[in-house]
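This report is written for a reader who is new to the structure shown below. Please keep the sequence and the model in view while reading.

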Amino acid sequence: MASFQDPAEALAGGRLTIDLAALRANYALIAARAAPARAAAVVKAEAYGLGAARVAQTLAQAGCRDFFVAMIAEALDLAPQVPADARIYVLNGLPPGAEAACAAAGVVPVLNSLGQVARWRAEARRRGARLPGVIQVDSGMSRLGLAPSDIDDLPTDLNDDVEVVLVMSHLACGDTPGAAANQEQLARFEALADRIGPGLPRSLANSAGVFIASEFRQDLVRPGLALYGAAPIEGVASPVLPVLRLDAKVIQLRTVEAGAGVGYGLTYVASTRRRLATVSIGYADGWPRRLGGRAAAYFGDVRLPIVGRVSMDSMTLDVSDLPEGALDEGDFVELIGPHQTLEAVAEAAETIAYEILTGLGKRFSRTYLTHDARVEIDA
Ligand SMILES: *Cc1c(COP(=O)(O)O)cnc(C)c1O
């Protein structure tokens, strides 16, 4: 029987449901775990695909005042959505030519090189006002940040022009609590931060870093993934609540006889009479092509295996285990939810939850839940 549909759902092939109450609860849990360190939120890449504006507004209500994005364009988009006393930091640094826009918007760049430090300082002088900045040091990941040898070359009077609000670095192996690299990075980070300024606030931990030893939490933690409901440490029971649910719409039902092939390449051939449902989601929606034959959808508690290859805009399920007539065109089946977690989907696709989340498509309708009630639907 076709379920009730709002207009946005009637038009879309898939439905993302984002539980803002769970998001708030996850922030509260992380903030309590991190205390006395402050808990920021990493909302880059549209808050890992969930919608940066809605996520940031919700977390601001929960008390968050520190938001990290990757790109300046993301920071400029986000600025009107957060309280005036919030800070937005740009992890990927200060590209040449972006100084004026960054300063005008009150955005805080993460300064990753001496050149970026020099250009931010010049911008402050041009404006005749000190500007806030973060200094990132490379404590061992070799990705972003000042090299240890750069630190002696920082201007001694930098503080006249740039208020260093944070010294930060990033863990390469945070999700592997026993990795020796974590302790090595911590020791290196603390030594480098001491050289920059012993009294300056510090930040090292991503989500995983919050849940390993307390010394990683420093003054500010920078969770992303755990806020969005995925287990921060692989193989360890998740301390956070799922935030995301994905359902796909049934667009056609059919019965095939033994010997019928399904999908591109006819890689699945029915061995007996099967009932099939084609759903309106494919790899163009970020649903990995690799999941053909490896994952399923669920209707109630019934597992509906994906048969054949995932197409660009659709894929086919074997629904023979459902009573005949249980599914109609327009019904939704669960792809990510209580029966098939985000982590399970990532594992079946041989990737990580981050890649699944950030890939999930723009063609879905989005429903944001607060408490348990449906409150607002974005097309
Ligand atoms: C993305 C990112 C984070 C957040 O990482 P999660 O593992 O999602 O918590 C924190 N810090 C930096 C520098 C990042 O690039």
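## The ligand and its surroundings

An oxygen atom of the ligand lies 2.7 Å from an N or O atom in the side chain of K44, which makes this a polar contact (a pair of N or O atoms within 3.5 Å; within protein, one must be able to donate a hydrogen and the other to accept it, and residues adjacent in sequence count only if both atoms are side-chain atoms). The backbone also takes part: a polar backbone atom of L225 is 2.8 Å from an oxygen atom of the ligand. In H170, an N or O atom of the side chain is 3.4 Å from a nitrogen atom of the ligand. Taken alone, the ligand exposes 390 Å², and the protein buries 93% of that area (Shrake-Rupley method with a 1.4 Å probe; for residues, only the protein chains shown count as cover).

The ligand has 14 residues around it, and K44, Y48, S207, L225 and Y354 come nearest; a residue is near if one of its heavy atoms lies within 4 Å. This shell divides into 7 nonpolar, 4 polar and 3 charged residues. Ala, Val, Leu, Ile, Met, Phe, Trp, Tyr, Cys and Pro count as nonpolar, Asp, Glu, Lys and Arg as charged, and the others, Gly among them, as polar.

## Basis of the model

The model is predicted: local features need pLDDT of at least 70, side-chain atom pairs count only at pLDDT 80 or more, and totals for chains, interfaces and linings use all residues. Residues are numbered from 1 along each chain as its sequence is written, and side-chain values use heavy atoms, with hydrogens and water left out.

## Two domains

The protein chain is divided into domain 1 (20-228) and domain 2 (244-378), with bounds from an automatic or database domain assignment. Their C-alpha centres lie 37 Å apart. The contact (heavy atoms within 4.5 Å) takes 12 residues from domain 1 and 11 residues from domain 2.

## Helix α4

Helix α4 (residues 52-61) is largely enclosed by the rest of the structure, because 7 of its 10 residues are buried. Buried means under 20% relative accessible area, exposed over 50%, and partly exposed in between (1.4 Å probe, protein chains only). The buried residues are A52, R54, V55, A56, T58, L59 and A60. G63, which follows α4, has a positive phi near 110 degrees.

## Residue Q116

Q116 belongs to helix α7 (residues 114-127); helices (H or I, at least four residues) and strands (E, at least two) are DSSP runs, numbered from the N terminus. Q116 is buried, with a relative accessible area of 12%. A polar atom of the Q116 side chain lies 3.0 Å from the backbone nitrogen of N112. Not counting residues up to four places away in sequence, Q116 touches G93, L94, V110 and L111.
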